[in-house]
Amino acid sequence: MQFRIEYVSSQTDRAYVLARQLGGGTFALSATPRLAGLPITGHLSQPRSLRPDGTPDTAVFAFQLVSPADAAKFSENQVVDLSA
C-alpha cells in the first residue's frame, strides 16, 4: 500500500511521519511493520486533519518511527510503501 508523505516531525526521542494513503482500502499493521523499508512502531493514529471544506480528512495517518534518526530519510511529497 502506498502513502505520500505530508509532514515529518522529529524530536530527540521520537519521530512521526504523517502520510496520506493513496488508492484507498483498508490495512492492518503486523508485528514488524515498515514504512519505506524502515521500521515503525505498531501504534497507528489519525491526526485531526480537515479538508478545505471543513470535513474530516480520514486518509492521513501518523506513523511513529522506531529510530528518530530515520526521520531524515523522509521528505514531503515522497511516495513510500507500507509493509504492514
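Trainee: Is arginine 14 buried, partly exposed or exposed?

Mentor: First, this is a predicted model, in which local features need pLDDT of at least 70 and side-chain atom pairs count only at pLDDT 80 or more, while totals for chains, interfaces and linings use all residues. Residues are numbered from 1 along each chain as its sequence is written, and side-chain values use heavy atoms, with hydrogens and water left out. Buried means under 20% relative accessible area, exposed means over 50%, and partly exposed lies in between (1.4 Å probe, protein chains only). Arginine 14 has a relative accessible area of 36%, so the residue is partly exposed.

Trainee: With which residue does the side chain of arginine 14 meet in a salt bridge?

Mentor: A salt bridge requires a side-chain nitrogen of Lys or Arg within 4 Å of a carboxyl oxygen of Asp or Glu. For arginine 14 the N to O distance is 3.5 Å, and the partner is aspartate 13.

Trainee: Is aspartate 13 buried or exposed?

Mentor: The relative accessibility of aspartate 13 is 52%. Because of this value, aspartate 13 counts as exposed.

Trainee: Which residue forms a salt bridge with aspartate 57, and where does that partner lie?

Mentor: Aspartate 57 is buried, because its relative accessible area is 8%. Its closest N and O atoms with arginine 20 are 2.7 Å apart. The pair links distant parts of the chain, 37 residues apart: aspartate 57 is in the loop between strand 4 and strand 5, and the partner, arginine 20, is in strand 2.

Trainee: Which residues are linked with Arg20 and Asp57 in a network of salt bridges?

Mentor: The count comes to 5 salt bridges by this rule. The network that holds Arg20 and Asp57 also links Arg4 and Glu6.

Trainee: In what order do the strands close into a barrel?

Mentor: Helices (H or I, at least four residues) and strands (E, at least two) are DSSP runs, numbered from the N terminus. Two strands pair if DSSP finds at least two bridges between them. Strand 3 (residues 34-35) and strand 4 (residues 38-45), for example, pair over 2 bridges, with leucine 35 opposite leucine 38. The barrel has 6 strands with antiparallel pairing, in the order 1-2-5-4-3-6.

Trainee: Which residues have the most contacts inside the largest nonpolar core?

Mentor: A nonpolar core is a set of buried Ala, Val, Leu, Ile, Met, Phe, Trp, Tyr and Cys residues joined through side-chain atoms within 4.5 Å. The largest has 15 residues, and those with the most contacts inside it are Phe3, Leu35, Phe63, Leu65 and Phe74.

Trainee: Is alanine 19 buried or exposed?

Mentor: Alanine 19 is found in strand 2. Contact means heavy atoms within 4.5 Å, and, leaving aside neighbours within four places in sequence, the contacts of alanine 19 include Phe3, Ile5, Phe61 and Phe63. Its relative accessible area is 0%, so alanine 19 is buried.

Trainee: Which residue forms a salt bridge with aspartate 70?

Mentor: Aspartate 70 lies in the loop between strand 5 (60-65) and strand 6 (79-83). At 8% relative accessibility aspartate 70 counts as buried, and, not counting residues up to four places away in sequence, aspartate 70 touches Leu38, Pro39 and Leu65. The closest N and O atoms are 3.1 Å apart, and the partner is lysine 73.
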